[in-house]
Amino acid sequence: MSAARPAYDDNNIFQKILKGELPAHKIYEDDKTLAFMDIMPRADGHALVIPKTGSRNMLDIDPADIAAVMETVQKVARAAMEAFDAEGVTIQQFNEPAGGQVVFHTHVHVIPRHDGVKLRPHTGDMADGAVLAAQAEKYRAVLAAA
Ligand code: 5GP
C-alpha cells in the first residue's frame with residue numbers, strides 16, 4: 001500500500017508571492033502561471049515557473065495546470081537562451097522531501113547553462129536583489145519582443 005500524500009497547504013512562500021504578500025522579481029505572467037527569479041540561483045538566470053492554482057507537486061496537480069506550466073516553461077527556456085546567451089537549459093522539478101522538494105507549491109526550475117559551468121548548490125547562497133532585478137528585466141525584454 002502506498003503512503004498517504006500530504007494535502008496542499010497554502011501557507012507556503014510561493015502562495016504568498018501569488019497573493020502579493022511577498023515580493024518576487026517577476027518575469028512573465030498569464031492567467032494560469034507566473035514565472036519569477038529563484039532567490040538562491042544555481043546559475044545566472046535561474047527562474048521558477050508556478051501554477052496560480054494551488055497544488056503541492058506533480059503528484060496532486062491537475063493535468064491542465066501541468067500543460068499550462070510547461071507552456072510557460074518553454075517560453076522562459078527559449079527566452080533564457082537569448083537573454084543569458086545560454087548554450088543549453090536545465091529544467092528541474094522536485095517532488096516531496098525525499099525527492100528534493102523544499103517549497104510545497106508546484107514549481108519547475110529553468111536554469112540557463114553554459115558549457116563547462118557547473119551548477120551551484122541547490123538552495124545555496126541568496127543572490128543580490130539588484131542583480132536579480134536586472135536579470136528579470138533581461139527576461140522581460142526578450143519575452144516582450146517574442
Ligand atoms: P525545491 O522545492 O524545488 O527543492 O526548491 C525551492 C526553490 O525555491 C529553491 O531553488 C529556492 O532557492 C527557491 N526559493 C526558496 N525561497 C524562495 C523565495 O522566497 N523566493 C524565491 N524567488 N525563491 C525561493
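Helices (H or I, at least four residues) and strands (E, at least two) are DSSP runs, numbered from the N terminus. This is a predicted model, in which local features need pLDDT of at least 70, side-chain atom pairs count only at pLDDT 80 or more, and totals for chains, interfaces and linings use all residues. Residues are numbered from 1 along each chain as its sequence is written, and side-chain values use heavy atoms, with hydrogens and water left out.

Start with Arg42. Look for Arg42 in the loop between β2 and β3. Arg42 has a relative accessible area of 13% and is buried. Buried means under 20% relative accessible area, exposed means over 50%, and partly exposed lies in between (1.4 Å probe, protein chains only). What does Arg42 touch, leaving aside its neighbours within four places in sequence? Arg42 is in contact with Gln92, Ile111, Leu119, Arg120, Pro121 and His122. Contact here means heavy atoms within 4.5 Å.

The side chains of Arg42 and Gln92 make a polar contact at 3.3 Å. A polar contact is a pair of N or O atoms within 3.5 Å; within protein, one must be able to donate a hydrogen and the other to accept it, and residues adjacent in sequence count only if both atoms are side-chain atoms. A polar atom of the Arg42 side chain also lies 2.8 Å from the backbone oxygen of Arg120.

His122 leads on to the ligand. There are 17 residues around the ligand, and Asp38, Val102, His107, His109 and His122 come nearest. A residue counts as near if one of its heavy atoms lies within 4 Å of the molecule or strand. An N or O atom in the side chain of Asp38 is 2.5 Å from a ligand oxygen. For the side chain of His122, the distance from an N or O atom to a ligand oxygen is 2.6 Å. Gly100 uses its backbone: one N or O atom there lies 2.7 Å from an oxygen of the ligand. How much of the ligand does the protein bury? Taken alone, the ligand exposes 520 Å², and the protein buries 93% of that. Accessible areas come from the Shrake-Rupley method with a 1.4 Å probe; for residues, only the protein chains shown count as cover.

Now turn to helix α3. At the N-terminal end, Asp128 caps α3, with a side-chain oxygen 3.0 Å from the backbone nitrogen of Ala130.

Which residues of α3 are buried? They are Leu132, Gln135, Ala136, Tyr139, Val142 and Leu143. Seen down the axis of α3, these fall within an arc of 125°, so they line one face of the helix. The arc is that of the directions from the helix axis to the C-beta atoms. An α-helix has 3.6 residues a turn, so residues three or four places apart point the same way. The buried residues of α3 pack against β1, β2, β3, α2 and β5. The face turned away from the buried side carries the exposed residues Ala130, Ala144 and Ala145.

Finish with Thr33, in strand β2. Thr33 counts as buried, at 0% relative accessibility. The side chain of Thr33 makes a polar contact with that of Thr72, at 2.7 Å.
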